[in-house]
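Biologist: Could you walk me through this one? I'd like to begin with charges and rings.
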Amino acid sequence: MDRIEKLLATMTLEEKIGQLVMAAGSQAVTGPVLGGDVTQDVRAGRVGSLLNFWGAEETRAIQAVAAESRLKIPLIIGFDVLHGHKTIFPVPLGEAAAFDPALWMATARAAAVEAAADGISMVFAPMLDVARDPRWGRIVEGAGEDPFVAVEFARAKIAGFQGADLADASAVAATAKHFCAYGAAEGGRDYASAEVSERALHEVYLPPFAAAVAAGCAAIMPAFMDLAGVPMTAHAALLQGWLRRAQGFEGVIVSDYNAIAELLRHGVAADLVDAAVLALKAGIDIDMMSGAYRAGLPKALDQGRVSIREIDAAVLRVLRLKERLGLFDDPCRRGKRSAGGEEARALAREAARRAIVLLVNDGVLPLSPSIKKIALIGPLADAGYEMDGPWAGASQRRSVSIREGLASALPGAEIAFAAGEGDDAQMAAELEACREAEIIVLSLGETAGMSGEAASRADLGLPDGQRALAEAALGLGKPVVALLSSGRPLTVPWLFERASAVLTTWFLGAEAGNAIAGVLTGRFNPVGRLPISWPRAVGQIPIFYAARPSGRPYSPDDPYTSNYLDLSVAPQFHFGHGLSYCPFTLANLRAERESFGPADTLQFSVEISNEGPMAGEATVFLFARDVVASVARPLLELKRFGKIALDAGESGVFRFALPASELAFPGLDFRPGIEPGVFEFSAGFSADAQKLLTLRLEAAGRNRIGA
Ligand code: GLC
């Protein structure tokens, strides 16, 4: 028996169940049930972990209380560190726009350092829910619509949070969430059912979690919703079957907040005993905040509905995680660690710059250095606190506003500011500030509270009053640069048509204002690209590039094809769209071979040129399509992406290496395999099929080869 097994052998049932209970502290509210003083429960060994609790002193004190319990088992302390802890980085959907795994890992590492210094040993991140419905407020928390991007995001974030060794004082246990298909909630309404096909599960929603397991993610959190009638918190087939047995996940499964008790509301449990039985048998180790395990497991054991072996298995997983975190040796993990500090802010600035996507530009940007009079109008222009976005509970609340950033970047310019709120008279008076201006910068979009959990929207236009303000500003006949802060695409086609330039700035975090000013002035040539298709109207949703062809793919020449009578089927902006201040061109997509076998690695090259006038970075995508297969395959599937930096006038060659095994897809039996026949490979700067370079290769062989 090792140390953990010996410890287990000494535990009472109450102490065992205590290790399966995560209670909320009172420093942040992230669920329907408020936290409170859990000190007595910790002292009695009735709580094994806390959430929404941080601070070096506070956590040291509560670990000291845990040390007063009979067995002195230290606490795991968890918190939602989705995009930074004290130093806030861009929201994940914004960071995804950087298409930069090294950056994704770096910000997770910096967040882990700050969180660990605050006594946190588990973060409820990365969020890996693929989402194709921007009505869903939580689309902001993930990496967008594409499973390949979500896979790369998972790998980078888990490596950043966990580092090489969880016992390192600056490592934190990552929790991949929310397993799974939460992003497919009906109507984009948070917590609603997801009616997802088995095929979509295997092709879209499960791959990021398979990648998380393969990356050694310490924990996984099931989603709130039911998947075709089976609540994920009780989904034994996917949790025990697919996750633990098929993927070999040996880590901890922690429920979402109060989710076990909510099995009663789902209508699959009559009481907390039922709920506890369902959750334990499904593989849930830790009950976050519902009380179901504490109240239900003793009775379930008495009734013979669960066994002590099942309880012990869950307790062992929790204790082993605490051991891996080094908590038994030093509950406060005081080892060496570098602080956050200035380098974290510099990283926040770099991440923010790279997240910004220039959607429209008629040439008005970058701003001329000679510009002297700017009108900065809008309710978000001077609201640094709104720049953090959702899930920024421990933020230092020192985010640089757009107004501050512009003033700092253009000290010689006169920047007239007006919030642009109030009644018509007030707005008219404020727009007077625009009359002398050479250019108007409009700061519009969502507040942080309009994005994230429980923040679904049925209309994706601008919040009340902002359209009138924008129309009034556009009516002044001056160049208008619109900045859209949001956690999702906004359907404002009229703005894209009439503004001289539009940038999506998401929620950029601590250095928002400086990053935005850096792009507006041209000190930073924008590199951000959309990780999500941008709809023209809510009526197009769900809209995503990796659609299947259908038997009647859209054709402008044939009304009997898949389209709308009243709107284009094309998105406002394609997945991957984004402008720089220097056009790039693509030429000569080449492959090293014309046919391949399942064990080959395909080598591609493509020439990219920077047409000038300034140096910049192009983002290039490689898509694949299995033209004829046993199952209809998407028209495009992203298989690689990368960036190439080029000086003005410079050309370069970008190379992709793609193992043929990555062309496998779930067959009719959902087992992965590669099928012989023709494949198309396309390279481009976005998923706009009109602008792709495409070549065809032949997969040799006669039969489907299992991957
Ligand atoms: C919330 C969220 C989850 C979060 C947890 C703890 O309800 O669904 O993402 O990690 O509760 O705050």
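Modeller: A charge is said to sit over a ring if NZ of Lys or CZ of Arg is within 6 Å of the ring centre and within 35 degrees of the ring normal. In this predicted model, the charged end of Lys-177 sits over the ring of Trp-391, 5.3 Å from its centre.

Biologist: And which ring does the charged end of Arg-704 sit over?
Modeller: That is the ring of Phe-665, whose centre lies 4.8 Å from the charged end of Arg-704.

Biologist: How many aromatic pairs does the structure hold?
Modeller: There are 25 aromatic pairs. In one of them, Phe-99 and Phe-575, the ring centres are 5.9 Å apart and the planes stand at 90 degrees, so this pair is edge-to-face. Phe-99 sits in the loop between helix H5 and helix H6, while Phe-575 sits in the loop between helix H20 and strand E17, 476 residues apart.

Biologist: Is Phe-99 buried or exposed? And Phe-575, buried or exposed?
Modeller: Phe-99 counts as buried at 2% relative accessibility, and Phe-575 is buried too, at 0%. Both belong to a cluster linked by ring pairs, including Trp-104, Tyr-545 and Phe-641.

Biologist: Switching to the open sheet, what is its strand order?
Modeller: Its six strands run in the order E11-E16-E15-E14-E12-E13, with mixed pairing. Strands E11 and E13 are the edges, each pairing on one side only, and the twist averages 15 degrees from one strand to the next.

Biologist: How many bridges join E14 to E15?
Modeller: Six bridges join these parallel strands, and Leu-442 has Ala-482 in E15 as its bridge partner. Helix H18 lies across E12, E14 and E15, running at about 170 degrees to E14.

How values were computed: Residues numbered from 1 in each chain as written. Predicted model: local features only at pLDDT ≥ 70, side-chain atom pairs only at ≥ 80, totals over all residues. Heavy atoms only, no water. Pairing = 2+ DSSP bridges. Helix = DSSP H or I, 4+ residues; strand = E, 2+ residues; numbered from the N terminus. Axes fitted to C-alpha atoms, helices over the stretch in contact; angles between N-to-C directions. Contact = heavy atoms within 4.5 Å. Phe/Tyr/Trp six-rings, centres within 6.5 Å; stacked < 30°, edge-to-face > 60°. Buried < 20%, exposed > 50% of the residue type's maximum accessible area, 1.4 Å probe, protein only.
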